[in-house]
Amino acid sequence: MKKIVMATITSMTILANVSANDIKPIETLKSKNEVCTLIDKPILRSICYQDKNEKCSKTDESGEWITDFRVGTDYYHYIDKNNRLGFGLGINVNPFFEFYNIYGVTKFKLPLTNRWFLGVGAGLGNVNTKRGVRTYRHEFFKLFTSFDFKNISIYLSYTQNILYELYLKGYKGYDGMDFTERFEVLNLGICKRFII
């Protein structure tokens, strides 16, 4: 897993350095509003269960290419003339875990290049659980970096879903036990950008 992560970060850094001397913007934006439609796949997923009296117990951690995907849309409004800083909202859906999240997001351009962006997002979501547990709170966090080429972006992100759950009576012998469930995922994907 470490080899995959390091190779990905190294490749993206090289792309940023190659384009660092690009003094012209990638595109002349007639509007300050941008919509990004994203599809990405997990490179690594780690699932952790923890009740109030125990330490975190990881149940799934692998560097294998996982047969899951995530679909999302981010909306940004840029607040400066060089389109270096944008604020907006995002929503994503994870069919495998039946998550959906709505979050606030910030995206800013690194000063050395017109192509490399960093960003962060946080918000709340919902999950359609079909197990013997009730999810009463769901938090979502996102850190990402992207490289823009015309209207396409290569996207690397770290996301975390934190579920606050309660076992239902009679489920596997548990009776109302409160616990948290964390899904940490490293994703690699592609994004299509639209100026509106």
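## The second largest cavity

The residues Cys36, Tyr76, Lys107, Phe144, Ser146, Ser153, Tyr155 and Cys191 form the lining of the second largest cavity. A cavity is, on a 1 Å grid over the protein atoms alone, a set of points where a 1.4 Å probe fits but cannot get out, and lining residues have an atom within 4 Å of a point. This is a predicted model, in which local features need pLDDT of at least 70 and side-chain atom pairs count only at pLDDT 80 or more, while totals for chains, interfaces and linings use all residues. Residues are numbered from 1 along each chain as its sequence is written, and side-chain values use heavy atoms, with hydrogens and water left out.

The second largest cavity holds about 30 Å³ of space, a volume being the space filled by probe spheres set on grid points joined across faces, edges and corners. Its lining comprises five nonpolar, two polar and one charged residues. Here Ala, Val, Leu, Ile, Met, Phe, Trp, Tyr, Cys and Pro count as nonpolar, Asp, Glu, Lys and Arg as charged, and the others, Gly among them, as polar. Strands β7 and β8 each contribute at least two lining residues; strands (E, at least two residues) are DSSP runs numbered from the N terminus.

## Two cysteines without a disulfide

Zero disulfides are found in a search of the whole structure, a disulfide being a pair of cysteine sulfur atoms within 2.5 Å. The closest cysteine sulfur to that of Cys36 belongs to Cys191, and at 3.9 Å it is too far for a bond. Cys36 is buried, at 5% relative accessible area, and Cys191 is likewise buried, at 3%; the term buried means under 20% relative accessible area (1.4 Å probe, protein chains only).

## The largest cavity

In total there are two cavities of 30 Å³ or more. The largest has a volume of about 110 Å³. Of its 16 lining residues, Arg70, Asn94, Thr159, Asn161 and Val185 lie nearest the centre. Two or more lining residues come from each of β1 (33-51), β4 (85-94), β5, β8 (152-167) and β9 (178-195). The greatest contribution is that of β9, with three residues. By class, the lining has seven nonpolar, six polar and three charged residues.

## Strand pairing

Strands β5 (residues 99-109) and β6 (residues 116-127) run antiparallel and are joined by eleven bridges; two strands pair if DSSP finds at least two bridges between them. Phe108 stands opposite Leu118 of β6.

Strand β6 also pairs with β7 (residues 133-149), in the antiparallel sense, over nine bridges. Ala122 has Phe141 in β7 as its bridge partner.

Terms used: Helix = DSSP H or I, 4+ residues; strand = E, 2+ residues; numbered from the N terminus. Buried < 20%, exposed > 50% of the residue type's maximum accessible area, 1.4 Å probe, protein only. 1 Å grid on protein atoms, 1.4 Å probe; cavity = no way out; pocket = protein on both sides within 12 Å on 5 of 7 lines; lining within 4 Å.
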